[in-house]
Structures are given as C-alpha cells and as structure tokens.
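Trainee: I would like to learn how to read a structure like this one, step by step. Could we begin with the terms and then turn to the case in hand?

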Amino acid sequence: MFGLTFDKLLIVAVIAAFVIGPERLPAYAAKLGQLVRSLRDFANGAKDRMRDEMGPEFDEVDWKKLDPRQYDPRRIIREALLEDQPAAPGAIKPVTQSAYAQRRMPLTAGALPPYDTEST
C-alpha cells in the first residue's frame with residue numbers, strides 16, 4: 001500500500017503522537033476509528049447492494065480474474081498473436097527483452113546517433 005511498511009507506519013504514528021500531544025490523542029484516535037468503521041460499512045453496503053442486484057450470479061463470478069492489476073498488455077497481445085500460429089518448436093522466438101532494449105545499438109567511437117529530421 002503506497003510503499004509503506006510497518007516500520008514507516010510506526011514512525012509516522014510516533015511522530016503524530018508527539019505532534020498531536022497526549023491531550024488530543026484519544027479524540028483523534030476515536031475519530032480515526034469512526035472513519036475506518038464508516039469506510040468498512042460503506043464497502044459492505046456496496047457489496048450487499050451488488051449482491052442484491054446481481055442475484056445468485058454474484059457468488060459465481062471469479063473476481064480475481066477481473067482484477068486490472070493482473071493485466072500485462074504485452075502478454076495479452078503476444079498471446080493473441082500466437083493464438084492462430086501452429087505450435088512449431090523454434091518457429092517463434094519468445095520476447096525476452098523490451099523493444100527499446102532490442103532497438104538500442106552501441107555506437108562506435110566518434111559516431112553520431114541516428115537523427116530523424118521529420119520528428120522535430
């Protein structure tokens with residue numbers, strides 16, 4: 001979650017305790033608890049409403065399959081392109097590096113890099 005580890009959260013909590021002070025800390029902790037409870041109730045309400053609207057199909061849906069974090073556009077395109085090809089061994093070389101890395105060519109000493117006059 002945002003690159004925060006337990007150690008970092010603990011440091012932030014200790015700094016917040018010093019900044020807020022012992023007098024106001026219980027009130028802020030109670031407000032934080034209320035916020036977390038209201039967010040949890042909101043999420044549960046949305047899930048219940050979706051279950052009511054979808055009916056029995058809600059439990060049949062594989063939600064992990066719909067997670068957008070699992071999609072890699074390169075893999076999807078590669079699989080779509082290779083789908084129609086016969087599975088001949090060695091016919092298609094799998095991509096092991098990015099197109100940028102494949103395109104990079106080392107320059108010899110004193111050589112100028114390629115320049116596209118139409119792009120500028």
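Mentor: Helices (H or I, at least four residues) and strands (E, at least two) are DSSP runs, numbered from the N terminus. What you see is a predicted model, in which local features need pLDDT of at least 70 and side-chain atom pairs count only at pLDDT 80 or more, while totals for chains, interfaces and linings use all residues. Residues are numbered from 1 along each chain as its sequence is written, and side-chain values use heavy atoms, with hydrogens and water left out.

Trainee: How many helices and strands does the chain have?

Mentor: The secondary structure comes to four helices and zero strands, and read along the sequence it gives the pattern α-α-α-α.

Trainee: What share of the chain is buried?

Mentor: A residue is called buried under 20% relative accessible area, exposed over 50%, and partly exposed in between, using a 1.4 Å probe and protein chains only. Buried residues make up 2% of the 120 residues here. For areas, the Shrake-Rupley method is used with a 1.4 Å probe, and for residues only the protein chains shown count as cover. The chain exposes about 11,700 Å², of which carbon and sulfur atoms supply 62%.

Trainee: How many salt bridges are there, and where should I look for them?

Mentor: Side chains of opposite charge can pair when their charged atoms come close. The cut-off is a side-chain nitrogen of Lys or Arg within 4 Å of a carboxyl oxygen of Asp or Glu, and a search of the whole structure finds three such bridges. One of them joins Asp48 and Arg51, at 4.0 Å from N to O. Asp48 and Arg51 are three residues apart in helix H2, and therefore separated by about one helical turn.

Trainee: Why does a spacing of three or four places matter in a helix?

Mentor: An α-helix has 3.6 residues a turn, so residues three or four places apart point the same way. Arg49 and Glu53, four residues apart in helix H2, form a salt bridge with their closest N and O atoms 3.0 Å apart. In helix H3, Arg75 and Glu79 are also four residues apart, and their side chains meet at 3.3 Å, N to O.

Trainee: Which residues form a nonpolar patch on the surface?

Mentor: Patch residues have over 30% relative accessible area and no salt bridge; like charges are joined within 9 Å, and nonpolar side chains (Val, Leu, Ile, Met, Phe, Trp, Tyr) within 5 Å. Here Met50, Trp63, Leu66, Tyr71 and Ile76 form a nonpolar patch with about 490 Å² of accessible area together. Trp63 lies in the loop between helix H2 (25-54) and helix H3 (73-82), and at 38% relative accessibility Trp63 counts as partly exposed.
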